[in-house]
Amino acid sequence: MHGGRLWRWQPLVAATYLAAGAPVLSARAGDNYPPEIFAAVAKGQLDFLEQHFAEPRSAEQLHFLAQAAANRAKNAEIAAERAALLDRASGYYERCIAILASTVATRTPTADVELAGIHVEYGQLLLGRSAGPELDQLELSSGRQGDRGKLRPILDRAGAQFLAAAQLIEPLYRGLDQQEDDFLAAGIYDGVIELYNRTLFHRGWLSYYGALAAAADEPQRAEKLRAAEQLFRELLEAGRSGALRLGSRLGLAVALREQERYEEAQRLLEGVLENATDPALTAQTRCELARCCIQTGRFDEARAVLQPLLEGVSGSVTSGPAAVRFYANLAQVLEADSYLKEARALQFRADHQGASQAVRTRAQQAREAGLARFRLLAGRGGPWSAIVQSYLAANESAEPNPLGLLDLLLRARELVSKEQYAEAHRLLVDAAANLPLNKSPSQRSLQEQQLGAEILMELARCCYRLGELQDAADAFERLARSYRNHELAPQAAGLAAQLRAQIAQKTGKTEDYQLLARTLLDLLQSFPDHPERTEAAWLYPVALQAAGSYEQAEIEFAKLPADNPHYEEAQWRRLLCRLLALRGRYAPSEARGAEPGQLSATEYRQQASRLANELLDYGGKLRRQAASASEDTSATIRARAAQANLQAAELLADPGVEQYERALAVLDELEQQDTETAGSPEALGLRLRALCGLHRFDRIAPTLRRYLQAGRGAKTVEVLSLVASTLQEEVLHLAGHEQKEAAAQLAGQALEALSGLEELLAQAPATAPTTTAPLALARARMLLAAGQLESARTLADALCETDPQNGEYRLLRAQVLTSLAETQPSPEKLRAARAAWEQLLSQPDLRRRAPQRFWEARYQQLALLLREGRAREVDYAIGQELVWNEDLGGPPWREKLLELRRRAQEVLAQETVRPP
């Protein structure tokens, strides 16, 4: 039984399945369907439900049918019938998913949770039932039996479901902090977390199964094992507890074991065994731990681990929970196999190391014990005969012939000398696959040690020549780990680290830096006298930093001794890592501090302030050192001191800290100490951020000009966007308070920032489609505020042409036309402006959706009517509005409209009354 079946197959019915984070679709249907429908689903009464639900069927009904077919398949005795039912269940699931997915344009978070849950449920069906028999065969036979050709497509289908679930649920999970209230109100908050974790969990096991389904020498086996390791580690880092955490630790352990990382795997398995309370989990863990012991030659320990499963067993276990039965049977297979493997190890020792007759006797006794147990297993008939034959065939073959391996190595070296690397690689892969790595180092002969190390060294070099750097690094690392006491091991460890560094620098991927850090740590722990130890001690925290493990990197940088040539840079990086770790522990939201290790706003502000002080102190210390250093060294030290000041200023200006005055003071001091750095895009960008935060509009303009002249920095787009947004907000505020001159002056500054942004976008057209329209809208608004009306009109017309229904564009155009009618009055301009406002008013339900916009449009329309001499219409229209809307939209529109009516009535009172 494989890992995903720790929670053995149970009836799929909404009432119970929801507890495991399954979709809420059927649960929601409880109000629409009678109880007998749910009972039929649980009992697998598929025919009844198919008659009850007529076509066309809804997604809910298809979900019911899929669950019923799956539950009926569970109890099917005949394999063909079971397969047919599983196919029917798959068909219903796919139809249900297709219907739900077709509504993607109108999807909500709740709908995404529903659909993700059904993807997970379908994936579990494929993994637990469709793939189950083949996975069982692989597990019982230790990979020697099972139809891999049949298994792989099923695993691919299950993987597609879990991946689809992940694509739906991960964005919701990442947005929990921002949408917590909405998710709680919708009743999906816990469901999002549960589905996210279960998706990771199933994907981890799926990757592990994919590795089992791959041949030992297939590259994808190693890739899938690494993927499984990464997924389980991610889940464990999330801090989940209970069965999911134990199942994840078990998954991580077996993935590590298959990568021959036995010590770490054993520690994890022992921890799971100590904490497990579920009988199935306990049974599986014992079997996996026993396998780990067998592979490392600890046969007595393996049998001791299996003993609780073997006690009282005299034949095939047929009672108890299904998973426990499976692992009790597997324990008998592993016990028998352990005796045969022990016999082979003892016999090899006797043949090659001149052991005593007692060792030969023990080998014979172990062999007889194993064969006796396998004979009992074979006597059960059915599939047991084939399983036993596969184990006997593997153990009856002689120990890998050292002369045969030597022959492969020599032939490979000859091919390498002829530069036939591909053929040499094939031979070396075959040789490496037959190395007795399941033996502990103490059990290997000197000849085995020498030959194994040379084969792996030659394989690594051959991979390197073929450009397969990852495989080369793996082979070097395998040599360093498996043959640690060999003279080639230190060299292999150093070469593995060099290749890992080369790969990581090329790809920049976090996982490659994680591999580099692991390789360097192995070198440091395993080879205390390694000639490259000093450099490795420096590169190890550098790799951790690049991998995003900032807290651990800070610890390791602090360990670097003062005589290390990189000591001073390590102190700088230590502060940077603390800064990055601090930012990583703060996520602005209403629920700050809710997650383990997450800082509240107050804690973040306090710690950020302390760290800024440390950075400033460090910068001061460096400047004092620079005063007495040589000219070349002094320049480097001063540059680092300036960077410390910049980082301190940036931290003080961070969201959540917002100590803008202190940030400006730091930058002012930097201006006195290092004018070049103070005039850099980074420093000027920080100054602009602080000035925007303080609303120092008088100082923004000159600083902005310096910034635009300084050239492009890493955050130029971000800085210019902030400046433009801040200025635009103030311009609109001033304009709203009738301070038109001040607004026009500030709008000119905003236009400078917008021009800088537009120039940057012109240099990077790939980003333009998502930003040009908002920029054009902002520019048009600023042109309007600055009084550049013709330019504003041209831009507003262009925007309306691109999207005639856009309300923001319509509003802007109406405002521009109204300003033109005020500065250049004419009947045509008045009518054009009024038509623009009336077009806005024609939008359906505008009064309810956007009341402020409605009353602005209504006021402007009536004001223009009055200017056209239609006072009576204005008086009547406002009177009618008062009948139905006495508040007239509230302030300021009520006062404006009443004043407009008063002016209309004055005009009417002055008109000459004509005789009838």
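Author: Helices here are DSSP runs of H or I with at least four residues, strands are runs of E with at least two, and both are numbered from the N terminus. The model is a predicted one, so local features need pLDDT of at least 70 and side-chain atom pairs count only at pLDDT 80 or more, while totals for chains, interfaces and linings use all residues. Residues are numbered from 1 along each chain as its sequence is written, and side-chain values use heavy atoms, with hydrogens and water left out.

The residue to begin with is G584, which lies in helix α28 (residues 567-584). G584 counts as exposed, at 67% relative accessibility. Exposed means over 50% relative accessible area, buried under 20%, and partly exposed in between, with a 1.4 Å probe and protein chains only. In sequence G584 is 14 residues from Q598, and their C-alpha atoms are 8.4 Å apart in space.

R901 is part of helix α44 (residues 893-910) and is partly exposed, with a relative accessible area of 23%. Between R901 and L862 there are 9.2 Å from C-alpha to C-alpha, although the two are 39 residues apart in sequence. Neighbours within four places in sequence aside, R901 touches D875, I878, G879 and L882, where contact means heavy atoms within 4.5 Å.

The loop between α43 (871-884) and α44 holds P892, and the peptide bond from P891 to P892 is cis, with omega near 0 degrees. L888 is placed in the loop between α43 and α44 too. L888 is not a glycine, yet has a positive phi of about 50 degrees, and at 0% relative accessibility it is buried.

Another positive phi, of about 55 degrees, belongs to E658, again not a glycine. E658 sits in the loop between α30 (631-652) and α31 (660-673) and is partly exposed, at 46% relative accessibility. A cis peptide bond also runs from E55 to P56, with omega near -5 degrees; P56 is in the loop between α4 (46-52) and α5 (59-74).

Helix packing comes next. Helix α25 (residues 510-526) packs on helix α26 (residues 533-546) at an angle of about 150 degrees, their axes being 8 Å apart. Axes are lines fitted to C-alpha atoms, for helices over the stretch in contact, and angles run from 0 to 180 degrees between N-to-C directions. The two helices are therefore roughly antiparallel, the word used for angles over 145 degrees; under 35 is roughly parallel, 65 to 115 roughly perpendicular, and the rest oblique. Residues of α25 in the contact include Y513, L516 and L520, and those of α26 include R533, A536 and Y540. By class the contact of α25 with α26 has 14 nonpolar, no polar and one charged residues. Nonpolar covers Ala, Val, Leu, Ile, Met, Phe, Trp, Tyr, Cys and Pro, charged covers Asp, Glu, Lys and Arg, and the others, Gly among them, are polar.

For the chain as a whole, there are 44 helices and zero strands. Of its 916 residues, 51% count as buried.
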